[in-house]
Amino acid sequence: MTDKKVALVTGGSRGIGKACAIELAKAGCDVVITYAGNSAAAEKTVEELKALGSNSDSYKFDVSNQAEVDEAIAKIIEKYGRIDVLLNNAGITRDDLFIRMDAEKWNAVINTNLNSAFYVSKPVVKLMMKQRSGAIINTSSVVGLYGNPGQANYSAAKAGLIGFTKSLAKELGSRGIRVNAVCPGFIETDMTKDLPNMDEYLKAISLRRLGQAEDIAKAVKFLALDADYVTGQALEVDGGMLI
Ligand code: NAP
């Protein structure tokens with residue numbers, strides 16, 4: 001048990017999730033991260049979090065598997081006693097033009113990027129309702145707002161997260177729980193490292209640079225810890241790509 005705020009970051013071992021975990025630890029939270037399979041990355045991130053004074057641990061489970069989620073979240077709640085911040089961040093891409101997209105690619109992305117938020121939020125919201133406080137942030141994408149060729153599955157999942165965010169915000173506000181989404185633009189992580197035509201994207205970004213995971217982490221920290229009167233919002237953090 002701990003007196004500090006406890007933050008749970010799914011997919012917190014790498015990329016955007018890792019940067020968010022570190023920002024929340026710097027702000028004084030105990031940060032718990034989850035991951036799918038890359039144990040080495042998770043262990044390294046936990047060491048970095050501990051070096052910042054966070055009582056941290058990592059949990060390996062598939063966010064698209066409700067039974068695995070329930071088991072892991074129960075263990076986290078038993079160990080930490082409370083969850084003040086939940087960042088539903090784990091996600092994948094399986095891009096293809098719609099005409100070629102098979103059901104496997106569609107379902108993998110919907111299950112991992114959207115159904116996961118339902119599975120993870122369910123036990124966490126129950127706990128936050130008892131606490132009468134909490135902040136949930138869902139990692140959506142600008143693609144969920146504006147669409148993108150080759151990403152019908154991904155944009156559907158990310159748009160779904162925005163609807164989920166707004167509905168939960170309306171249901172849970174009276175219980176002291178805020179729910180927001182962050183919509184990153186193009187951020188330099190493993191997920192985007194092989195994307196073609198980056199120069200073309202750069203021309204469309206007002207700030208003329210790709211985003212860094214830390215750019216998203218600052219927005220997530222704001223929504224998680226500072227934005228006391230902000231709920232139901234989808235905050236675009238894209239360097240002015242879509243204005
Ligand atoms: P990333 O570098 O590929 O990291 C993905 C993280 O999610 C890893 O920790 C990974 O664990 C975990 N993960 C993946 N599938 C999982 C599963 N089934 N169960 C549990 N954990 C799983 O991705 P990223 O670029 O940081 O993206 C993070 C989030 O931001 C995603 O939701 C993504 O859609 C969103 N986003 C990214 C961008 C961008 O430009 N990068 C833009 C908009 C939105 P392992 O390390 O074990 O694989």
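Select Arg132 to begin: Arg132 lies in the loop between helix H4 (103-131) and strand S5 (134-139). Helices (H or I, at least four residues) and strands (E, at least two) are DSSP runs, numbered from the N terminus. The structure is a predicted model, in which local features need pLDDT of at least 70 and side-chain atom pairs count only at pLDDT 80 or more, while totals for chains, interfaces and linings use all residues. Residues are numbered from 1 along each chain as its sequence is written, and side-chain values use heavy atoms, with hydrogens and water left out.

What is the phi of Arg132? The value is positive, about 60°, although Arg132 is not a glycine. Most residues other than glycine have a negative phi.

Next, select Arg208, in the loop between H7 and helix H8 (213-226). Arg208 also has a positive phi, near 55°, and is a residue other than glycine. Is Arg208 buried or exposed? Its relative accessible area is 56%, so Arg208 is exposed (exposed means over 50% relative accessible area, buried under 20%, partly exposed in between, with a 1.4 Å probe and protein chains only).

Move on to Ile187, in the loop between strand S6 (177-184) and helix H7 (198-204). Ile187 counts as buried because its relative accessibility is 6%.

Finally, display the ligand. Of the 29 residues around the ligand, those that come nearest are Arg14, Gly37, Asn89, Tyr154 and Thr189 (a residue is near a molecule if one of its heavy atoms lies within 4 Å of it). By class, this shell around the ligand holds 12 nonpolar, 14 polar and 3 charged residues. Here Ala, Val, Leu, Ile, Met, Phe, Trp, Tyr, Cys and Pro count as nonpolar, Asp, Glu, Lys and Arg as charged, and the others, Gly among them, as polar.

Select Arg14, Ile16 and Asn38 in turn. A polar side-chain atom of Arg14 lies 2.6 Å from an oxygen atom of the ligand. For Ile16, a backbone N or O atom lies 2.8 Å from a ligand oxygen atom. For Asn38, a polar backbone atom is 2.9 Å from an oxygen atom of the ligand.

Terms used
A polar contact is a pair of N or O atoms within 3.5 Å; within protein, one must be able to donate a hydrogen and the other to accept it, and residues adjacent in sequence count only if both atoms are side-chain atoms.
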